[in-house]
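Biologist: Can you walk me through this one? Keep it short, please.
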Amino acid sequence: MILVFGAGGVALEIAWLLDEMNPRDGSERVAAFVVSDSDWRPGEVIDGIPVTAEGQLQDLCGKQLVDVYIGIGDSAAKRRALTAAEKLPNRRYPPLIHPSVVMDRRPGKVTFGHGAIVYPGASLSTEVAIGNFVHINPRVAIAHHSRVGDFSTVCPGGIISGRVSLGSDCFVGAGAVVKDSLSIIDGCTIGAGATVIRSILAPGVYIGTPARPKT
């Protein structure tokens, strides 16, 4: 069984990726989108997939093996969804890597944590580490010897240069650029189109070129 936590745009994209990459006979289609009990509307169906509440998961899944994907962009919401998923007695979090992704496919050269999702058209070079529940969107380029921390998201067109350490719970906006050999601390948001030319040592929102704290 496959479940996608979330029912917004990211969840729909993940369902599409799974449909594209899995057998066409429907045997591995998403069984349900999962939302919080407070957000659930009985009978709701999105793109042919039913929406269920977290409180109904035990009845839906029982003890069968469940592949869980977190279809949410915000890192705090990802973490909350993971807490709900952990209540399933027999679950796993496979990475979802589109076959069009350009990367060094030799063993150990590019690594992925639990539940990492990499969209079509991304480039990951070599000696790259992608953390748990990271989302790498289309046209993202990540150069050699870089790492992306757990629960972070890099939006379409983002560029992470070589030897960059991007912390956990970070959000890199569309078209943002991070110069080589920099570190970005946990919990940072880099605005769309920003250019980071110095390491960022304090959590916050950074915008512009060069990137500076939003005031």
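Modeller: One definition to begin: helices (H or I, at least four residues) and strands (E, at least two) are DSSP runs, numbered from the N terminus. By that rule, Val-154 sits in strand E16, residues 153-154. This is a predicted model: local features need pLDDT of at least 70, side-chain atom pairs count only at pLDDT 80 or more, and totals for chains, interfaces and linings use all residues. Residues are numbered from 1 along each chain as its sequence is written, and side-chain values use heavy atoms, with hydrogens and water left out.

Biologist: Is Val-154 buried or exposed?
Modeller: Val-154 counts as buried, because its relative accessibility is 0%. Buried means under 20% relative accessible area, exposed over 50%, partly exposed in between (1.4 Å probe, protein chains only).

Biologist: Which residues is Val-154 in contact with, leaving aside neighbours within four places in sequence?
Modeller: His-135, Ile-136, Asn-137, Val-140, Leu-166 and Val-172. Contact means heavy atoms within 4.5 Å.

Biologist: Where does Ile-142 lie?
Modeller: In strand E14, residues 141-142. Ile-142 is buried too, because its relative accessibility is 2%. Beyond four places in sequence, its contacts include Ser-123, Val-128, Val-148 and Ile-160.

Biologist: How many residues are in the largest nonpolar core?
Modeller: It has 31 residues. A nonpolar core is a set of buried Ala, Val, Leu, Ile, Met, Phe, Trp, Tyr and Cys residues joined through side-chain atoms within 4.5 Å. Those with the most contacts inside it are Leu-124, Ile-130, Ile-136, Ile-142, Ile-184 and Ile-190. Strand E12 (128-130) and strand E22 (188-190) are the elements that give it two or more residues. Apart from it lies another core, of 18 residues, among them Leu-3, Ile-72, Leu-82 and Phe-151.

Biologist: New topic. How many helices and strands does the protein have?
Modeller: There are 3 helices and 25 strands. The radius of gyration is 18 Å, close to the 17 Å that the globule rule gives for 215 residues, so the protein is as compact as a globular protein of that length. That radius is taken over C-alpha atoms, and the rule is 2.2 Å times the number of residues to the power 0.38.

Biologist: What does the C-alpha trace span along its principal axes?
Modeller: About 50 × 40 × 30 Å.

Biologist: Last one: what share of the residues is buried?
Modeller: Buried residues make up 45% of the 215.
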